[in-house]
Amino acid sequence: TSWRGLPAFAMVGAASVLAALFRAPLTASLLLFECTRNYDVILPLMASAGVASLTGDIVEKWLDEDQRDKDPVSWGDLATRLYEDVDDDAVCIVIDDKNTSE
């Protein structure tokens with residue numbers, strides 16, 4: 001077996017983890033390319049960083065939807081709720097202090 005390409009695989013893996021955690025595949029690719037200065041590793045580096053970033057986005061969306069289903073009062077539920085059938089005047093009642101003091 002050849003161990004010659006092992007550092008390149010380690011750098012590609014590091015770029016993938018960095019891209020998945022920070023959702024920045026281009027930054028991870030450029031940062032790791034600056035460390036290696038090896039043009040042969042650019043294509044696998046960008047491919048793995050892109051796949052890792054997409055995988056992170058998919059997993060995060062899946063976990064957020066799962067958490068939203070468990071918790072009926074979450075920020076995601078409040079942000080996506082539609083209030084088309086609610087009358088704003090009935091919800092917001094303003095008490096006039098001038099008329100009540102006299």
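Analyst: A salt bridge is a side-chain nitrogen of Lys or Arg within 4 Å of a carboxyl oxygen of Asp or Glu. By this rule the chain has 3 salt bridges. The model is a predicted one, in which local features need pLDDT of at least 70 and side-chain atom pairs count only at pLDDT 80 or more, while totals for chains, interfaces and linings use all residues. Residues are numbered from 1 along each chain as its sequence is written, and side-chain values use heavy atoms, with hydrogens and water left out.

User: What makes Arg23 and Asp57 a salt bridge?

Analyst: Their side chains meet at 2.7 Å, N to O. The limit is 4 Å, so the pair qualifies. This pair links distant parts of the chain: Arg23 is in the loop between α1 and α2 (25-36), and Asp57 is in helix α3, 34 residues apart.

User: What makes Arg23 and Glu60 a salt bridge?

Analyst: Here the N to O distance is 3.2 Å, and the pair therefore meets the 4 Å rule as well.

User: Why is Arg23 called partly exposed?

Analyst: The relative accessible area of Arg23 is 30%. Buried means under 20%, exposed means over 50%, and partly exposed lies in between (1.4 Å probe, protein chains only). The value of Arg23 falls between those limits, so the name applies. Asp57, at 36%, and Glu60, at 40%, are partly exposed by the same rule.

User: How do you know that Arg37 and Glu34 form a salt bridge, and how exposed are the two residues?

Analyst: The closest N and O atoms of Arg37 and Glu34 are 3.2 Å apart. Arg37 is exposed, at 56% relative accessible area, whereas Glu34 is partly exposed, at 45%. Salt bridges that share partners join Arg23, Asp57 and Glu60 into one network.

User: Why is Ser53 called buried, and which residues is it in contact with?

Analyst: Ser53 has a relative accessible area of 7%, which is under the 20% limit, so it counts as buried. Its place is in helix α3 (residues 42-70). Leaving aside neighbours within four places in sequence, Ser53 is in contact (heavy atoms within 4.5 Å) with Ala19, Ala20, Arg23 and Pro25.

User: How do you know that the span of α1 is close to the expected one?

Analyst: Helices (H or I, at least four residues) and strands (E, at least two) are DSSP runs, numbered from the N terminus. Helix α1 covers residues 6-22, which makes 17 residues. The expected span is 1.5 Å times one less than the number of residues. Arg23, which follows α1, has a positive phi, near 55°.

User: Why are the buried residues of α1 said to line one face?

Analyst: The buried residues are Val12, Ala15, Ser16 and Ala19. Seen down the axis of α1, they fall within an arc of 100° (taken from the directions from the helix axis to the C-beta atoms), so they line one face. An α-helix has 3.6 residues a turn, so residues three or four places apart point the same way. The face of α1 turned away from the buried side carries the exposed residues Pro7, Leu21 and Phe22.

User: How many helices and strands has the chain, and what share of its residues is buried?

Analyst: There are 6 helices and 0 strands. Of the 102 residues, 16% count as buried.
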